[in-house]
Amino acid sequence: MLKTQLLTNPIEAIMKRLSAAIIVLPCFFISSHLKAQTAKLTLDLTKPGVNVSPKLYGLMTEEINYSYDGGLYGELIRNRIFKNNPTTSEAWSLVQDGDAKADIKLMMAQGTTNIPRDEHHAINESLTTCLRLTVEKPGTRAGIANTGYWGIPVRPTTTYIASFYIKGAGRAANNFGRPGGNRNGAPNVTPPPIVEDNTPGPITVSIESNDGKITYASGTINLVKNPYWKKYELKLTTRPDFTPTKDAHFVISTNRTGLYYFNLVSLFPPTYKNRPNGDRIDITRLLVDMKPTFLRFPGGNFLEGPNLGDKFPWKTTLGPLEQRPGHAGSWSYRATDGMGLLEFLGWCEDVHMEPLLAVYAGYSLNGDHVDAGPLLEPYVQDALDEIEYITGDIKTHWGAIRAANGHPAPFKLSYIEVGNEDWFDRSNSYDGRFNQFRAAINKKYPNLHIISTVPANYPKAQQVTTGKTPDMLDEHYYRSAWQMEEDAAHYDKYDRKGPEIFVGEWATREGAPTTNLNAALGDAAWMTGMERNSDIVLRSCYAPLFVNVNPANPATGAPSGMQWASDLIGYDALNSYGSPSYYTQKLFNTNIGNKVVPTSVENLPMLHIDTAAINSAARAARAAGNGGGGGGGMGQKPERPSIYYVATQDTKTEILYLKVINVAGTPQPITLDLKGAVKVLPEGTITVLKGDKPEDTNTITEPTKIFPVTSKLTGISKSFTHTFDPYSVNILKINMVKAK
């Protein structure tokens, strides 16, 4: 993810305003001109086309927009080990019913000076902070409640697994406030009240409506008298007679006095393929339906972290949750690391993706770096350990640890990316750092392909210029729809003798929190260029993948779920949906052959843009304080194509896939000439993604407003004409017959 967006919030605000201008202005100042003659696409089946990369379309992921915590990762409890905020028990609140008298307090084993020594309650080095519930008077009940990630989602007749560590105690009289002051001469302090230890007995665990009037599920554990921590687990099955809701919270309560200590409080719904510590079912199904071929992880900025000590700590993301302390994330909230290295790999298995691993290369978001040489060596060794964990057999050290974690079989790994967006490193140290990593990785794993994160269009001092040319270069593009459309032929003239290209992050940034139809049209135009040139563009992945769509709530102080707008898949605690760009990705991913069919165009229809009018309107909007620094027209060419296209063929089935994108607001008739076709069946299919207006979009409440529709396409022949709807992405599936 682009670091400028992370480090300068005003730029993010400008980009949001700019996106709004991009959406609106072209509607007034763009017209489509059809030539006197109908446009014609000639698909030349007599010429051998280039191979389509079998890994062209994949996914990129990082912890941003609550992608894992509060998103894909199944955990429903927010702040489960109480480390999100050192001064407050974020997402937790006190429950006091009847005339109960109680309070809650964070208890930290480290970093505080005002907690007596005997009040330190660490379970281990990872679980160092707990929550204490003090019940002086139980009333009807007293307890703790968790709001989850903008609610706890509950569905009828569904079983949830709850677990937590708990211990009970009492509080006797002490000398903390004795007459004459403390031993160190401090002034007298009012002693805390005596609390009788009545903690042993039933503890109620429930999922309830936020007002407490409805109990959706309830169960009990029997707390034994024990001065030590003990883990309890139970299943909660919801009743059948209610409508699914996210307006619920999780409660642990008691009707007895005492001091109750809690840690690692967890609640899991059913997960995809019933994986323990697994993923949310609805979101995973959206990904499976896309049929991606690889997953680039763990980032992105999430790989690097703000400071050198904040990199993705893969070793502490392994094993039981009790061993995972979490770490500072890169996007203003703490990561639980419940989505650890093995969970990423399990995700790849579930969605049938190959992992593409990015390793930390000694550069962090604030600009700190580690120079090549002895100081960098520990980071290189850490990367070698990580690769061994993924690919090593059980006789290797890290392969044996993976097996002990529950996965004896190694994973397939073909590509390693060294760092992320190292063009931001103005020290020009990347060449040395990359080569130190590459030498070590190639020595132990000669079959792995190594990716550089600095493209060829950056200054030579920032690129990898010593040693052999990198196997692959990672290029990132975040643009408006018109920029994507103008540059759709970007890769047509790339040097085929140069390194392979990985478009590791790209997106048309229009719409929020997820993209709109105009963005999907820009995406599709750009993808035709990548697909047409997939002999050199071997891999690509859209970013960001996820966004939690909950807005900020100033009244409660709840933050927004979004740090980066224009995302592919949106969700709240209960529901999820695909954006128009999601469906574009899905259509491209699932309708592709293994050979590109050379295609030419005659009488290409053009959009004619009144750039003077657009720029004038943008300046006026900017002067009024709402124009976003230039509007959507600055830099646009006076005209650009209104039609974008690419054709591929499956040489085994002879199916021809033709993708045609009409970005204009008028229908576009196009003659399709299948040059060299022996025989064409008269009936095929056409799948259309379209809308009435470019700004139309999907939302959490209207998830399929823009949705692809497949229908029969008749009248197909070696030459036929079809009219393509305004603002549409079209996939034609044509059945060819092989020559005997």
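This briefing walks through a few features of the structure above, from the whole chain down to single residues. The model is a predicted one. Its chain has 13 helices and 37 strands, and of its 740 residues, 58% count as buried. Among contacts between residues at least 6 apart in sequence, 78% join residues at least 24 apart.

- Helix α11 covers residues 517-532, and its 16 residues should span 22 Å at 1.5 Å a residue; the end C-alpha atoms are 23 Å apart, which agrees.
- Most of α11 is covered, with 15 of its 16 residues buried.
- Where α11 starts, Asn516 brings a side-chain oxygen to within 3.1 Å of the backbone nitrogen of Asn518.
- Pro513 sits in the loop between β21 (500-508) and α11, and the peptide bond joining Ala512 and Pro513 is cis, with omega about 0°.

**Helices α4 and α6**
- Helix α4 (residues 281-290) packs with helix α6 (residues 341-351) at an angle of about 55°, and their axes are 9 Å apart.
- The two helices, α4 and α6, are therefore oblique to each other.
- On the α4 side of the contact you will find Thr284, Leu287 and Val288, which meet Trp347, Asp350 and Val351 in α6.
- By type, the residues of this contact between α4 and α6 divide into 4 nonpolar, 1 polar and 1 charged.

**Asp382 in helix α7**
- Asp382 belongs to helix α7, which runs over residues 377-391.
- Asp382 has a relative accessibility of 16%, so this residue counts as buried, the cut-off being under 20%.
- Leaving aside residues up to four places away in sequence, Asp382 touches Lys311, Trp314 and Lys315.

**Backbone details worth a look**
- A cis peptide bond also runs from Gly299 to Gly300, with omega near 15°; Gly300 is placed in the loop between β14 (294-297) and α5 (301-304).
- Ala91 is not a glycine, yet its phi is positive, near 75°.
- You can find Ala91 in the loop between α3 (68-72) and β4 (92-97), and at 17% relative accessibility Ala91 counts as buried.
- Leu264 is not a glycine either, and it has a positive phi of about 45°.
- Leu264 lies in strand β13 (residues 258-268), where it is buried, with a relative accessible area of 4%.

How values were computed
Residues numbered from 1 in each chain as written. Predicted model: local features only at pLDDT ≥ 70, side-chain atom pairs only at ≥ 80, totals over all residues. Heavy atoms only, no water. Helix = DSSP H or I, 4+ residues; strand = E, 2+ residues; numbered from the N terminus. Expected span 1.5 Å × (residues − 1). Buried < 20%, exposed > 50% of the residue type's maximum accessible area, 1.4 Å probe, protein only. Polar contact = N/O pair within 3.5 Å; in protein donor to acceptor, adjacent residues only side chain to side chain. Contact = heavy atoms within 4.5 Å. Axes fitted to C-alpha atoms, helices over the stretch in contact; angles between N-to-C directions. Parallel < 35°, antiparallel > 145°, perpendicular 65-115°, else oblique. Nonpolar A, V, L, I, M, F, W, Y, C, P; charged D, E, K, R; others polar.
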